[in-house]
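Colleague: I would like to go through how features are read from a model like this one. Could we start with the pocket?

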Amino acid sequence: MIRNLHAHDVMITEVVVSAPEDLVAAANLKMVRANIGGVPIVKDEKLIGLITHRDVLLAGGEALKLKVEDLMSKDLVVVNKDTHLKDISKIMADTGYQRIPVVEGDKLIGLITQSCIIRAVADYLD
């Protein structure tokens, strides 16, 4: 039942990531190639930020020459693998965030996107 779902039940575990020293252009290319809207930034297996396609667009063409660490968001909302789907949905609704990293300590273990939530609801309705 959907009420019993947690982050670990619906999260993406094979997450496309970038490094802080990558160029924004490289991170943007990863997003385009994978057809995703954002990538977590990981250093030494620790989540340190997040960059989205929207961040890149709003920063303009010159941002493509910057390093990811110069443009990424650093103040992140994260959840753990046992966070209820209801709580994650509320965070997304309240903040407008489209993706929430799932962490164990500082280590990224997954990502919850709006698509993950929609897929869980669709599976429940079947």
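Modeller: Helix H3 gives the most to the lining of the largest pocket, three residues. This is a predicted model, where local features need pLDDT of at least 70, side-chain atom pairs count only at pLDDT 80 or more, and totals for chains, interfaces and linings use all residues. Residues are numbered from 1 along each chain as its sequence is written, and side-chain values use heavy atoms, with hydrogens and water left out.

Colleague: What is a pocket, and what is a lining residue?

Modeller: On a 1 Å grid over the protein atoms alone, a pocket is an open set of points with protein on both sides within 12 Å along at least five of seven lines; a lining residue has an atom within 4 Å of a point. Here 16 residues line the largest pocket, and Leu50, Thr52, Tyr97, Gln98 and Arg99 lie nearest its centre. Strand S2 (46-52), H3 (53-59) and S3 each supply at least two lining residues. Helices (H or I, at least four residues) and strands (E, at least two) are DSSP runs, numbered from the N terminus.

Colleague: How many bridges join S3 and S4?

Modeller: Strands pair if DSSP finds at least two bridges between them. S3 (residues 99-104) and S4 pair in the antiparallel sense over six bridges, with valine 103 opposite leucine 108 in S4. The two strands form a hairpin with two residues between them, and glycine 105 in the turn has a positive phi of about 70°.

Colleague: Why is S4 described as largely enclosed?

Modeller: Buried means under 20% relative accessible area (1.4 Å probe, protein chains only). Five of the seven residues of S4 (residues 107-113) are buried, so the rest of the structure largely encloses this strand.

Conventions: Buried < 20%, exposed > 50% of the residue type's maximum accessible area, 1.4 Å probe, protein only. 1 Å grid on protein atoms, 1.4 Å probe; cavity = no way out; pocket = protein on both sides within 12 Å on 5 of 7 lines; lining within 4 Å.
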